[in-house]
Amino acid sequence: MKLRDWTRRRSLLAVFGILLAIDLLAGIGSASLAIAASVKKDVGSGTSSGGSAKTVAWDDGTRNVTDANYGVFKALKVTVDQTSNLTDQGVHVSWTGGKVTPPQDDKTNYLQIMQCWGDPSTGPKPQQCEWGEASTSLSSLVGSNAANRSLVNGEDPLQDYGSGYQVPLAHNIKAWAVPFQAVDGTSAWNPLTYFSQSSSNEVTVARTGQDGSGSYEFETQTSLSAPELGCGTAITTGGVTAGRACWLVVVPRGEFNADGTPASSNSDGRVGGSPLSATNWADRIQFKLGFTAIGASCPLGRAERRTAGSELIAGAFTSWQSALCATGTTYGYSEIGDAEARAEAVSGAQGATGLGFVALPIDATAAAGATLEYAPVAESAIVVGYNIDKHLVTSAPDYADNGTPVTNLVLTPRLVAKLLTQSYQNDVPDGGGKSYLAANPTSLRTDPDFLALNPEFKFFPKGSSPDGLMVALGNTDAASAIWAWLRADPDASDFLNGKADPWGTVVNPSYLSLKLGTDTTVDSYPKADLSTFRQSTDIPAPGYGTLDMRPYTLDMDEAASRTLHADANVKTVWDQTKLPPAFTDPGAQVPGERFEISITVSNSADLYGLQTAKLVNAAGKAVAPTSASIGAGVDAMVPSATDGIVVTDPNKRVNAAYPLSMLTYAVVNVCNSSLPALADYRKLLNYIAGPGQVSGSSLGQLPDGYVPLKASLIGQVAAASKALASEIATPVCVSHIKVPKSANGGTTTTAPPAPADAPSATPTPTATPGASPSARMTPAVQTTATRYTVLAALFFAVPCLAIGPILLRRRRL
Amino acid sequence: MSGQRRRHATLIGLLSVILFTLATITTTVSSASAATSYVPISGAGSSWSSNAIDQWRRNVQQYGIRVNYASTGSSDGRNQFKAGTVDFGASEIPYGTTDNGVTEPAPSRGYAYMPDVAGGTAFMYNLQSGGKRITNLRLSGDTLSKLFTGVITHWNDPLIKADNPGLTLPDFKVVPVVRSDGSGSTAQFTLWMSKLHSSVWNNYCRSAGRKVPCGETSNFPVVFGKGFVAQPNSQGVAGYVAQTANVGTITYVEYSYAIKTGYPVAKILNAAGYYTEPTASNVAVALLKAQINNNPTSPSYLTQQLDGVYSDPDPRAYPLSSYSYMIVPTQIQDGFTSAKGATLAAFANYFLCEGQQQAEVLGYSPLPINLVKAGLAQVKRIPGAVVSSINIKKCNNPTFSTSGVNTLAQNAAQPSACDKKGVTQCTIGTGSTKGSSPAGTGTGTGTAPGTGGTGSTGTGDPGAATTGGGTTTVINAHGSTSCDADTGICQVVNAIPVDAPLPSSWGISQWFVLLLCLLLVLAIAVPPIVVIAARRSHRS
C-alpha cells in the first residue's frame with residue numbers, strides 16, 4: 001500500500017514535473033520574446049548601421065603584381081559604413097590611399113561604384129551589374145567606354161570576345177559588349193530594358209582628393225526600386241526567411257588602360273575601357289550587401305482610414321503605413337497645408353478627415369466648442385539642403401580637391417533673408433541691370449557677408465552661383481517657422497525692414513511692402529519681383545519672369561530631389577523649335593560645377609543624401625541639424641496658448657539648439673470622429689508611441705532624419721491614446737451617445753466594449769476570423785510585446801494554479 | 001481510484017501537449033507571406049491632376065507599388081507617352097484635337113483613356129478693396145470670357161459690378177494670368193469659351209493671329225500689350241496670383257491650387273442663375289450631365305463631351321467641371337512589359353476606388369460610378385492586368401451608394417439665396433478663405449434671409465453673419481449630412497462601400513487568440529481538477 005502510494009505519487013509528480021517544465025519553458029520563451037519586442041523600442045536614435053561597417057584593402061595579397069595599375073591601387077582601402085539590414089537608402093562609401101584625381105578633368109584615378117546581384121559566396125559576374133546608363137553629360141567626362149558596357153575587340157588581353165560578348169547586329173557589323181543579365185534569368189544587350197538613366201544607381205566617377213581620400217553617398221536599391229537585381233526579395237531556406245543578398249562593386253580606375261598602355265597615350269588622355277572588361281573587373285573590390293527581407297506589403301483593396309496634414313510627417317507616415325496595416329487597419333495620408341489641416345480638424349463637416357498633422361496648434365477661437373486631443377508624433381527639422389561641388393579656380397590652395405563635394409556651409413538668418421527676398425542680382429530677371437540691386441552682390445559667391453563665414457567659396461569662379469534657394473508653393477507651418485527665425489534675428493529683421501547690411505546690400509524693394517520683418521502671419525515664400533527679361537528682340541515680349549527663372553517646387557521633398565539632381569527647372573532658355581516656342585530648362589548642372597540649395601525637411605535631405613547647412617541660432621551659434629541639436633531645439637520649446645502644446649520661441653538662446661527644430665502633432669477632433677475612427681486613431685497613436693519611434697531604414701520604422709520622441713512626449717502620446725480609449729469605453733460626446741441612423745436606415749450600437757489595455761484584460765473574440773466590420777471598434781491587444789507578456793503571464797499562472805492546491809494538500813497531511 | 005486518477009493525469013498531459021504545440025507554432029509561424037511583387041512605373045503630364053496623383057503614389061507605397069510622376073503639363077504628357085518615354089500619360093484632353101489649325105496625331109502604340117479624377121477649373125484671383133482682400137467675387141460666364149480676352153480691362157467695370165452688387169470694386173487693372181506651356185487647363189477653359197462665348201473668343205483669337213473659328217487650344221494666345229501674363233505650370237500661375245503685391249490678377253487653375261495657397265476663387269454663374277463654387281459636391285452635380293463617348297470602338301472612347309455640364313440647370317452645378325484622363329498602354333512595346341502592366345493596373349484599381357476618398361480634401365471631386373465602371377473596364381485592357389482583382393463591388397469610392405445614385409451629388413447642398421443672381425451677394429469667402437472676413441461690403445450686401453434650396457439637405461444662410469457660425473445637422477433618408485450654416489455647403493459625403501472587403505485569412509493573431517482562450521480554459525479548469533484529484537488520493 002505504501003509502496004503503491006509512493007509509486008503513484010512519484011508518477012504523478014513526474015507527470016507534473018514534465019508539465020511544469022514544458023509550461024515554464026513556454027513561459028520563459030514568451031517572456032523573452034516580450035522583452036525582445038520591447039527592447040527593440042529602446043534602440044535609440046542614430047543610424048542602424050552599427051557594427052556592419054566593412055573596410056577592404058585592395059591589396060589582399062592575391063593581386064597581380066605585374067598589373068600596370070598595381071602601384072596605383074596598392075594602398076587603396078575602401079570602407080562601406082553599412083553592409084547589412086539594407087533597404088532603399090544611402091550608404092556611405094569612403095576610401096583612403098588612392099591617388100588624387102586630376103583637378104581639371106576626370107582623366108585618371110577615380111572610382112566607379114555599382115550594385116550587382118550574384119552568387120552569394122563568390123560574388124557577381126560583370127553581366128550581373130547595373131551599369132551603363134549614365135547620362136550623356138556624365139559619360140562625356142570620362143574616357144572612351146568607361147561609362148558603359150561596350151567593349152572594343154582586342155583592347156583587353158584578358159577579355160573574351162566570343163559569341164557571349166558579340167552584339168548581334170545586321171549587315172555584318174561587328175560590335176562587342178557585356179550584356180546585362182537580370183536576376184530572373186532573362187538578359188538583354190540594351191540595359192534600357194531593365195534600368196534607365198533615371199533609375200540606375202551607378203556612380204560613373206567618384207573623385208579622390210589630394211590626401212588620397214574620398215567619399216560618396218551610394219544609393220542601395222531593393223527589388224522594389226530595381227526588380228532586375230532582386231535585392232531583399234524574401235527567400236526562405238530551411239524555414240528561415242531572409243532578404244536576397246547583393247553586392248556593391250568598386251572598380252578603381254588608375255593611370256593605365258587594360259592592355260598596360262598609359263592613359264596619356266589615348267587621344268583624350270583619359271583612361272579608357274568599360275569597368276566590366278576583364279582586366280578592369282579583376283581590379284574590383286566587392287562588398288556583400290545584406291538586405292532586410294522585403295516583407296509582405298499591405299494587401300491592396302482594403303478601405304483606408306484617412307489622415308491628412310503637414311509634409312513634416314509625410315516621410316515617417318509613408319514608412320509607418322507599411323507596418324500599420326498589420327494592425328488590421330490600413331491608413332491613408334494626404335499631404336495638405338498645416339492651416340488646411342487645422343481647418344479640416346474643426347470644420348465640423350461629417351466625414352472630414354478626423355486626424356490631422358500640424359506643427360502649430362489650432363487657435364482658441366477656431367477650436368472653441370471642439371474636443372481636441374493632441375499627441376506629438378515626430379521630431380524633425382527644416383533644413384537648408386545643398387549639393388555643391390568644389391568648383392575651384394586653379395590658384396586655390398586646395399585645387400587638388402576640385403570637383404569633390406563641399407561639406408561645410410554656414411548660413412545666418414540674414415543670408416537666408418537675402419536668398420528668400422531675391423536680393424541677389426542673379427535671382428532677378430536681368431538683375432544686373434536693375435538699379436535697385438546695383439549695390440547688391442550678384443550671388444552668395446560675391447557676398448562678403450557669406451564669404452566671411454564660408455571662406456572656401458572665395459576660390460570659386462565669380463560666376464558660380466546657385467539657382468536661387470528652392471522653396472515649395474503653398475502655406476505651411478514650416479515657412480512660418482523660418483520667417484519667425486528671421487524676424488527674431490536683429491540683423492535679418494533690420495535687413496527685411498529695409499536697413500542695408502554693413503556692406504551696403506539692401507533688400508529687394510519689392511519685398512519691403514510685404515513687411516516681412518514684422519508681419520507674424522506670413523506662412524509662405526513670396527516671389528514678389530515682377531521683372532521680366534528677354535535676351536534678344538527675337539524673343540516675344542515680355543520674356544521670362546521670376547517664376548520661370550526661380551520656380552516653386554510642389555513640396556519640400558521635390559525641392560530636395562531637385563537639389564540632388566542639380567536641376568532647379570530654370571526655364572530661361574528660349575527654344576524656337578518647340579511648338580509653340582517657349583522658355584525651357586537647360587537641364588541639370590554638370591558634375592563638378594553643381595551648386596544647388598533648397599529649403600527642405602530633414603528626412604528628405606537624408607533620403608536624397610544632401611548635405612545640410614549649419615544655421616545660426618538665437619544664441620549666435622552655427623548649428624548643424626543632428627539628432628542632438630534637434631532634440632535640444634525641441635527641449636527648448638515653450639508652452640503655447642494651447643494646453644500641453646509646445647512651440648519654438650525663436651528668441652530663446654540655447655547654444656546647442658538647432659533653430660528650425662520642428663515638433664509635429666496629431667490632432668484628433670474627438671466628437672467629430674466616429675467611434676470606429678477613434679479606435680483606429682488610437683491604434684495609430686499606440687504604434688507611433690512604440691515601434692514608430694525606432695529609427696531605421698526598414699519599412700515601419702522612423703526614417704533617418706527624424707529624431708525619436710523623448711520620453712515625456714511619448715507619455716503625452718500615451719495620454720492622448722488613453723483619452724480616446726476612455727471616449728470609446730464611456731462616450732461623453734453627444735455625437736457618440738445618441739444613436740445615429742445608418743445609411744440604410746438601420747441602427748448601429750454605439751457602446752462597444754472597453755478596449756483591452758492592461759495585460760490582465762481578457763482577450764475579446766474580435767480577432768476571430770469572420771468578425772463583423774463593427775468589431776473594429778474594439779481594438780485587440782495592441783503590441784507584440786503586450787501579446788507575449790500576456791502569454792508569458794498565463795503560462796506562469798497555470799502551474800501556480802495547479803501547485804497551489806497541492807501545497808495546501810500536503811500541509812493538511 | 002487509480003484508473004480515474006490516471007485518466008485525469010492523461011487529460012492534463014494531453015492538454016499540456018496541445019498547449020505546448022500551439023505555443024511552438026505561435027512562435028515559429030512566419031508572418032511573411034509571399035507579396036505580390038510590383039515593378040516601378042513612371043508617368044508624366046497634367047499638372048491639373050498632379051496634386052491628386054502625387055498623393056496616390058505616396059499612399060500606394062504601402063502596397064509595394066512605386067510610381068514616378070512628373071507634372072510637366074498635359075501636352076508634354078501626351079508627347080512623352082507618344083514617344084514611349086513614359087509608361088502612362090495624364091492629360092485633360094485626348095489626342096486628335098485641332099489646335100490653331102493643326103490636328104495632333106495619335107500615337108502609334110496602342111492606348112486607352114481612363115478617367116482619373118474630376119474637379120473644377122477654378123478662377124483664383126487676388127483683389128483688394130480699401131486695403132482688405134476681396135474673397136467673395138462672383139462672375140457670369142460673359143464677364144469671365146471678357147476678362148480673359150482683354151475686353152474688360154479694369155476691375156470696376158460695370159459688367160463686374162453687375163455680378164457683384166455687394167462689392168465696392170477697385171479701379172485696378174485686370175491682369176489675366178495664363179499658362180505659358182501646353183496645358184489641359186487652358187484647353188478646358190478655351191473649349192468652354194469657344195462653345196458658350198464664341199464671338200468674344202474668336203475676336204480675341206483673331207487679334208492674336210490665330211485661325212478663326214478658334215476652338216479649343218492648349219496654348220493660350222497672348223497678345224502683347226494687353227496686360228496678360230503667362231506663367232509655366234499650375235504652380236506657376238497659382239504662385240503668381242498668390243503674391244500679395246499682384247493685386248488685380250486672376251487665373252484659371254484646378255481648385256486644389258487655390259486651397260493650397262489660401263487664395264479665393266470666383267463663384268461662377270450657372271444656367272440656373274446661381275453663382276457657385278467648384279466644391280466637390282458642385283462638381284459632382286454638374287458632371288451628372290457629362291456625355292461620355294461610350295463607343296468602345298471609337299479611339300476617343302470615354303472622352304468627355306461637356307455641353308450638358310456647361311448648361312446644367314441644377315442650381316448647385318459648377319459649370320466648368322470636368323475630369324482628367326490617364327492615357328494607358330494596351331500593347332507591350334516601348335519598354336512597357338506585362339510586369340509594368342500588372343503594376344499600372346493595380347495602381348489604377350487603387351486610385352479609381354480607394355484613392356477617390358482623398359479627392360475632396362485635396363480640392364478635387366471623386367469620380368462617379370459610371371466613370372469608375374468604364375475606367376475599370378479600361379484597366380482590364382492593360383496587358384498584364386490581374387483581371388480577377390478588379391471588382392467594382394469592392395470599390396470603396398465615396399460617390400457609390402447601394403441604390404446606385406451618386407451620394408455626393410445627392411447630398412450636395414442647394415446654394416444660398418444670396419448666391420442667386422440679383423441684388424444680394426453672400427459675404428462668405430471661397431476656397432480656403434472661408435474663415436476670413438470678406439472685404440469691400442458696399443450697399444445691399446448679403447442680407448438675404450436663408451431660405452435654403454429645394455433639396456432635402458438645403459439649409460438657410462443666416463444672412464450677413466461674418467463671424468463664422470456653427471453647423472446644422474440634417475437627418476434625411478440618406479443619412480446625416482452636416483451643413484455649414486454660413487455657406488450652406490454640405491460638403492461631405494457619407495461613404496457607403498458597396499461591399500466592404502473583410503480581412504479573412506487565419507493568421508498569427510487568430511492563433512494567439514485561440515491559444516489565449518485555451519490557456520484561460522486551463523486556468524479555470526486546472527485547480528478544481530487538481531483539488532479533486534488530491535482529495536481522492538487523500539481519501540484512499
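Modeller: Helices (H or I, at least four residues) and strands (E, at least two) are DSSP runs, numbered from the N terminus. In this predicted model, local features need pLDDT of at least 70, side-chain atom pairs count only at pLDDT 80 or more, and totals for chains, interfaces and linings use all residues. Residues are numbered from 1 along each chain as its sequence is written, while chains are lettered from A and ligands numbered from 1 in the order in which they are written.

Biologist: Where is the place of B:Pro213 in chain B?

Modeller: B:Pro213 belongs to the loop between helix H7 (198–207) and strand E11 (229–231) of chain B. The peptide bond from B:Val212 to B:Pro213 is cis, with omega near 0°.

Biologist: What is omega for the peptide bond from A:Ala541 to A:Pro542, which is called cis?

Modeller: Omega is near 0° for that bond. A:Pro542 itself is found in the loop between strand E21 (532–533) and strand E22 (544–545) of chain A.

Biologist: Why does A:Asn109 count as buried?

Modeller: A residue is buried if 20 or more other C-beta atoms, placed from the backbone, lie within 10 Å of its own, exposed if 12 or fewer, and partly exposed in between. A:Asn109 has 23 C-beta neighbours inside 10 Å and therefore counts as buried. A:Asn109 lies in the loop between strand E3 (89–96) and strand E4 (110–116) of chain A, and its phi is near 55°, a positive value in a residue other than glycine.

Biologist: Why is A:Asn569 called buried?

Modeller: For A:Asn569, 22 other C-beta atoms are within 10 Å, so A:Asn569 is buried. Its place is in the loop between helix H13 (556–564) and strand E23 (573–575) of chain A. A:Asn569 is not a glycine, although its phi is positive, at about 60°.

Biologist: What makes helix H8 (residues 233–241) of chain B mostly covered?

Modeller: In helix H8 of chain B, nine of its nine residues are buried. Among them are B:Asn233, B:Gly236, B:Tyr240 and B:Val241. For chain A, buried residues make up 54% of its 813 residues.

Biologist: Why is H16(A) called roughly antiparallel to H17(A)?

Modeller: Helix H16 (residues 675–689) and helix H17 (residues 711–729) of chain A pack at an angle of about 160°, with their axes 9 Å apart. Axes are lines fitted to C-alpha atoms, for helices over the stretch in contact, and angles run from 0 to 180 degrees between N-to-C directions. Angles under 35 degrees count as roughly parallel, over 145 as roughly antiparallel, 65 to 115 as roughly perpendicular and the rest as oblique. The angle therefore makes H16(A) roughly antiparallel to H17(A). Residues making the contact include A:Leu678, A:Tyr681 and A:Leu685 of H16(A) and A:Val717, A:Ser721 and A:Leu724 of H17(A); in contact means that C-beta atoms, placed from the backbone, lie within 7 Å.

Biologist: How many helices and strands does the secondary structure of chain A come to?

Modeller: Chain A has 19 helices and 31 strands. Of its contacts with a separation of 6 or more, 72% are between residues 24 or more positions apart.

Biologist: What does chain A average in pLDDT?

Modeller: pLDDT is the predictor's confidence in each residue, from 0 to 100. Chain A averages 85, and 88% of the residues score at least 70. Over residues 37–50 of chain A, pLDDT stays under 50. Residues 740–783 of chain A also stay under 50, and the model has 80 contacts beyond four places in sequence for them.

Technical notes: Two residues are in contact if their C-beta atoms, placed from the backbone, lie within 7 Å.
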